[in-house]
Amino acid sequence: MTDTQKIALVTGAARGIGREIALELAKKGIDIAVADIHFPDDISTKNDIIALGRKAIEVKVDVSKPESVKEAVEKINEELGMISILINNAGITRDNIMLRMTDEEWYSVININLNGAFNCIKAIVRQMTKNRWGRIVNVTSVVGQRGNAGQANYAASKAGLIGLTKALAIEFASRGVTVNAVAPGFIDTEMTNVLPDKVKEMLLEQVPSKTLGAPADVAKSVAFLVSDDAAYISGHVLAVNGGMYM
Ligand code: NAI
């Protein structure tokens, strides 16, 4: 695809890693649907993208609800056009050890992190295959690759995303659609800010550089995977973890 304006849907783009991905893609000339369940009052990813000279709209969506995703996709198609890039970034944690984990903690994480990606892909991928060009990037985690005590729900959802990525990379290979994942390590966002200092120190001990990653580190990797330069890369899980796990 060369002459069509690229349009990306980035889920969980109101803050954190998703916001940084949205801004980075906008800098590459891509119009953005900023999708999230909650938009904070003090930052506007949409306005910041418009200031960069690209089109942007805010779309309120709950990725865990197929109907909500369908409505969001219709709105994006009407207001921006056909979606050619999907970044499944929305995610939550509800940490607990297995012996104490509630059904709500288990299902909410699987429903948002894994089923959310399924809902978005299902609602959008036909637009990509029709156009014979598309990019899907799933934001997984180092925890999905190596596990972590107290995060069985999160690890299962993120490992599930890796399986989903690989299966779909094969399914869509002949349609010009690549499907990849990025697996961030320990990144400085609201999600990690809430961790107790002791846990943060313990996690940092495992990072060879002894530093946290920045949302921009993840965003630049995603921007590469959606670029034309990455056309022959599919089914890959790109670790952005400072050497924490290899
Ligand atoms: P964050 O908590 O700052 O941002 C997540 C965003 O997703 C929020 O804006 C939230 O409103 C949105 N969201 C939550 N539930 C939603 C739903 N049902 N529908 C639509 N949007 C929803 O988290 P952060 O750190 O930016 O994480 C982004 C992604 O990166 C997540 O998938 C997370 O699992 C992953 N990740 C983060 C790491 C970190 O160290 N921060 C490490 C590895 C992966």
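## Ligand shell

In this predicted model, the residues of the shell around the ligand divide into 13 nonpolar, nine polar and five charged. The shell counts 27 residues, and R15, D36, N89, Y154 and T189 come nearest to the ligand.

Three helices each supply at least two residues of this shell: α1 (16-27), α6 (152-172) and α7 (190-193). The largest share comes from α7, with three residues.

Side chains reach oxygen atoms of the ligand at several points. For T189, a polar side-chain atom lies 2.5 Å from a ligand oxygen. For R15, a polar side-chain atom is 2.8 Å from an oxygen atom of the ligand. For K158, an N or O atom of the side chain is 2.9 Å from a ligand oxygen. Taken alone, the ligand exposes 830 Å², and the protein buries 94% of that.

## K158 and T140

K158 also has a contact through its backbone. The backbone oxygen of K158 lies 2.9 Å from a polar atom in the side chain of T140. The side chain of K158, for its part, has an N or O atom 2.9 Å from an oxygen atom of the ligand.

T140 is placed in the loop between β5 (134-139) and α5 (142-146). Is T140 buried or exposed? T140 counts as buried because its relative accessibility is 2%, and buried means under 20%.

## I43 in its loop

I43 is found in the loop between β2 (31-36) and α2 (45-51). I43 has 31% relative accessibility, so I43 counts as partly exposed. The C-alpha atoms of I43 and A14 are separated by 7.8 Å. Along the chain, I43 and A14 are 29 residues apart.

## Positive phi outside glycine

R132 is a residue other than glycine with a positive phi, near 55°. The place of R132 is in the loop between α4 (103-131) and β5. R132 is exposed because its relative accessible area is 52%, and the cut-off for exposed is over 50%.

K210 also has a positive phi in a residue other than glycine, near 60°. K210 is found in the loop between α8 (197-205) and α9 (215-226). How does K210 count, buried, partly exposed or exposed? With a relative accessible area of 43%, K210 is partly exposed.

Methods
Residues are numbered from 1 along each chain as its sequence is written. This is a predicted model: local features need pLDDT of at least 70, side-chain atom pairs count only at pLDDT 80 or more; totals for chains, interfaces and linings use all residues. Side-chain values use heavy atoms; hydrogens and water are left out. A residue is near a molecule or strand if one of its heavy atoms lies within 4 Å of it. A polar contact is a pair of N or O atoms within 3.5 Å; within protein, one must be able to donate a hydrogen and the other to accept it, and residues adjacent in sequence count only if both atoms are side-chain atoms. Accessible areas come from the Shrake-Rupley method with a 1.4 Å probe; for residues, only the protein chains shown count as cover. Helices (H or I, at least four residues) and strands (E, at least two) are DSSP runs, numbered from the N terminus. Ala, Val, Leu, Ile, Met, Phe, Trp, Tyr, Cys and Pro count as nonpolar, Asp, Glu, Lys and Arg as charged, and the others, Gly among them, as polar. Buried means under 20% relative accessible area, exposed over 50%, partly exposed in between (1.4 Å probe, protein chains only).
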